[in-house]
Amino acid sequence: MVGVGIKLTLYDPTASSTAYSTTTLRLQLGVSVAVCFALELIMRPLHVGVKRYYSLRTLLQRSRKRTVVIALRLLLIVAMAAVSKLRLSPVDFLWTEAGLVVTSTILAHLQHFKLSLSDIEEYVHRKREKASELPKFKSKRREGGLG
């Protein structure tokens with residue numbers, strides 16, 4: 001992402017917004033950033049369970065603030081890809097894309113570390129309960145021996 005951004009600005013920072021090279025570079029950077037943030041939206045909840053993390057009951061009843069943050073993040077992901085279709089100069093495009101990325105990063109931090117602590121704590125508690133219910137097996141290994 002950074003390499004594409006540098007290439008975009010070094011190539012010709014004040015290039016015409018209608019030039020073919022700037023159009024393809026904008027599209028390349030905008031779509032790659034959008035895909036990166038879309039994957040991040042899915043990867044973090046894999047530890048808790050995607051169905052549980054994004055269930056309607058959880059989103060609408062227990063954590064409405066997180067629902068708003070997720071909706072805003074989805075809108076930002078669409079905007080990251082859509083802004084590449086706007087006819088902006090390379091420098092203006094980079095500033096716009098950087099603003100969207102910083103905003104999305106702040107919202108991701110809110111979503112994962114401020115608004116979902118209770119879900120993660122509940123998940124850890126449930127895992128500990130399941131682990132304590134498992135039968136304990138004694139090892140047949142002799143102490144101090146090699147075999």
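**Fold and confidence**

Author: The chain has 7 helices and 0 strands. Helices (H or I, at least four residues) and strands (E, at least two) are DSSP runs, numbered from the N terminus. Along the sequence the pattern reads α-α-α-α-α-α-α. This is a predicted model: local features need pLDDT of at least 70, side-chain atom pairs count only at pLDDT 80 or more, and totals for chains, interfaces and linings use all residues. Residues are numbered from 1 along each chain as its sequence is written, and side-chain values use heavy atoms, with hydrogens and water left out.

Reader: What's the mean pLDDT of the chain?

Author: The mean is 78, and 71% of the residues reach 70 or more. pLDDT is the predictor's confidence in each residue, from 0 to 100.

Reader: Where is confidence lowest, and where highest?

Author: Lowest in helix α1 (residues 2–11), at a mean of 64. Highest in helix α5 (residues 64–82), at 92. Where pLDDT is low, the predicted coordinates should not be read in detail.

Reader: OK, packing. What share of the 147 residues is buried?

Author: Buried residues make up 29%. Buried means under 20% relative accessible area, exposed over 50%, partly exposed in between (1.4 Å probe, protein chains only).

Reader: And how much of the contact count comes from residues 24 or more positions apart?

Author: They account for 72% of the contacts with a separation of 6 or more. A contact is heavy atoms within 4.5 Å.

Reader: Switching to R73. Which helix, and buried or exposed?

Author: R73 is in helix α5. R73 counts as buried, at 0% relative accessibility.

Reader: What does R73 touch?

Author: Beyond neighbours within four places in sequence, R73 contacts F37, E40, L41, S104, L107, A108, Q111 and H112. With E40, R73 forms a salt bridge, the closest N and O atoms being 2.3 Å apart. R73 lies in helix α5 and E40 in helix α2, so the pair ties together parts 33 residues apart in sequence. The cut-off for a salt bridge is a side-chain nitrogen of Lys or Arg within 4 Å of a carboxyl oxygen of Asp or Glu.

Reader: How many salt bridges by that rule?

Author: The count is 1. The E40 end is partly exposed, at 27% relative accessibility.

Reader: Now S84. Where does S84 lie?

Author: In the loop between α5 and α6 (90–114). S84 is buried, with a relative accessible area of 2%. S84 touches R26, L27, G30 and F93, leaving out residues up to four places away in sequence.

Reader: Surface next. Which residues form the nonpolar patch?

Author: L27, V31, V35, L39, I42, M43, L46 and V50, with about 660 Å² of accessible area together. Patch residues have over 30% relative accessible area and no salt bridge; like charges are joined within 9 Å, nonpolar side chains (Val, Leu, Ile, Met, Phe, Trp, Tyr) within 5 Å. Areas come from the Shrake-Rupley method with a 1.4 Å probe; for residues, only the protein chains shown count as cover.

Reader: Which helix gives the most to the patch?

Author: Helix α2 (residues 20–43), with 6 residues. V50 lies in helix α3 (residues 50–53).

Reader: Last one. Which residues does UniProt list as "transmembrane region"?

Author: The unreviewed UniProt entry lists residues 27–46 and 67–87. UniProt positions are in the numbering used here, feature names are shortened, and annotations may be inferred rather than shown by experiment. In the model, residues 27–46 are 85% helix and 0% strand, with end C-alpha atoms 29 Å apart. Residues 67–87 are 76% helix and 0% strand, with end C-alpha atoms 32 Å apart.
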